Amino acid sequence: MQHLIHELKYKGNRDAGLFLGREMGKRLAGSALFGSIDYLVPVPLHPRRESKRGYNQSEVIARGIVKETGWKLDTTNLIRAGATETQTRKSRSARWDNVKDIFQLQNPERFSGKHVLLIDDVITTGSTLEACALALSGAENIRVSVAAAACATN
């Protein structure tokens, strides 16, 4: 798993992300917990970082999930409004301080009453996903679930 994530994030290997997403999609589609998904929402990158990398790795994973499930993908409603330093090597509290106010929901009504599956590549402390979920909570009666390709351990 570590090799696939490294290939996706640092070596430009989108196929690794699509593979991870397809495998996740197979498992998610078969789970009763995820039977009511209305939208997949990848954790957004800042446009500058996405331009530098050439793609958003969470979006690539989400696109792999779509290939297996047919769920709708939304890449425009949740945005990253500010650039941040890399989260690598930051403590939990430093990670939260780095991301707590940078995500914004553009059109809350689009997700009102919907079940949104937030997609990330790796969960380390959960700070990024927590900040995204907080922004998503601006939609009335939203249900937010989370899926990631990997979970970091110390």
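D120 stands opposite A148 in strand 6. That is my way into this structure. Strands here are DSSP runs of E with at least two residues, helices are runs of H or I with at least four, and both are numbered from the N terminus.

Some ground rules. This is a predicted model, where local features need pLDDT of at least 70 and side-chain atom pairs count only at pLDDT 80 or more, while totals for chains, interfaces and linings use all residues. Residues are numbered from 1 along each chain as its sequence is written, and side-chain values use heavy atoms, with hydrogens and water left out.

Let's start with the sheet. It is open, it has 4 strands, and the order is 2-1-5-6 with parallel pairing. Two strands pair if DSSP finds at least two bridges between them. Strand 5 and strand 6 are joined by 8 bridges in the parallel sense. I119 has A147 of strand 6 as its bridge partner. Strand 1 and strand 5 are also parallel, over 4 bridges. There, V41 sits opposite L118 of strand 5.

What stands at the edges of the sheet? Strand 2 (72-73) and strand 6 do. Each has a single partner strand, so one side of each has no neighbour in the sheet.

Now strand 5 itself. 8 of its 9 residues are buried, so the rest of the structure largely encloses it. Buried means under 20% relative accessible area, exposed means over 50%, and partly exposed is in between, using a 1.4 Å probe and protein chains only.

Next, the connection. Strand 5, helix 7 and strand 6 form a right-handed β-α-β unit. Right-handed means that, with the strands pointing away from the viewer, the path from the first strand over the helix to the second runs clockwise. The buried ones are S127, T128, L129, A131, C132, A135 and L136.

N141 lies in it, between helix 7 and strand 6 (143-151). Phi of N141 is near 55°, a positive value in a residue other than glycine. Most residues other than glycine have a negative phi. Is N141 buried or exposed? It counts as exposed, at 62% relative accessibility.

On to helix 4. This helix lies across strand 1, strand 2, strand 5 and strand 6, and runs at about 125° to strand 5. That angle comes from axes fitted to C-alpha atoms, for helices over the stretch in contact, and runs from 0 to 180 degrees between N-to-C directions. E59 belongs to helix 4 (residues 57-69). E59 is buried, at 16% relative accessible area. Contact means heavy atoms within 4.5 Å. Leaving aside neighbours within four places in sequence, E59 touches P42, E50 and T75.

What about the nonpolar cores? A nonpolar core is a set of buried Ala, Val, Leu, Ile, Met, Phe, Trp, Tyr and Cys residues joined through side-chain atoms within 4.5 Å. The largest has 21 residues, and M24, L28, I61, I65, W71, L117 and I119 have the most contacts inside it. Helix 1 (2-10), helix 2 (14-29), helix 4, strand 5 (115-123) and strand 6 each give two or more residues to this core. Apart from it lies another core, of 18 residues, among them Y39, C132, A139 and I142.

Y39 also leads us to the aromatics. How many aromatic pairs does a search of the whole structure find? The search finds 1. The rings of Y39 and F111 have centres 5.1 Å apart and planes at 50°, so the pair is tilted. Rings of Phe, Tyr and Trp (its six-membered ring) pair if their centres lie within 6.5 Å; planes under 30 degrees apart are stacked, over 60 edge-to-face, and the rest tilted. Y39 is in strand 1 (residues 39-42) and F111 in helix 6 (residues 108-111), 72 residues apart. Y39 is buried at 14%, and F111 is buried at 0%.

Last stop, strand 4. F103 lies there. F103 is buried, at 7% relative accessibility. Beyond its neighbours within four places in sequence, F103 is in contact with residues including V43, P44, L78, T128 and C132. F103 and P44 are 59 residues apart in sequence, and their C-alpha atoms are 8.2 Å apart in space. I102 sits in the loop between helix 5 (92-99) and strand 4 (103-105). I102 is buried too, at 11%.
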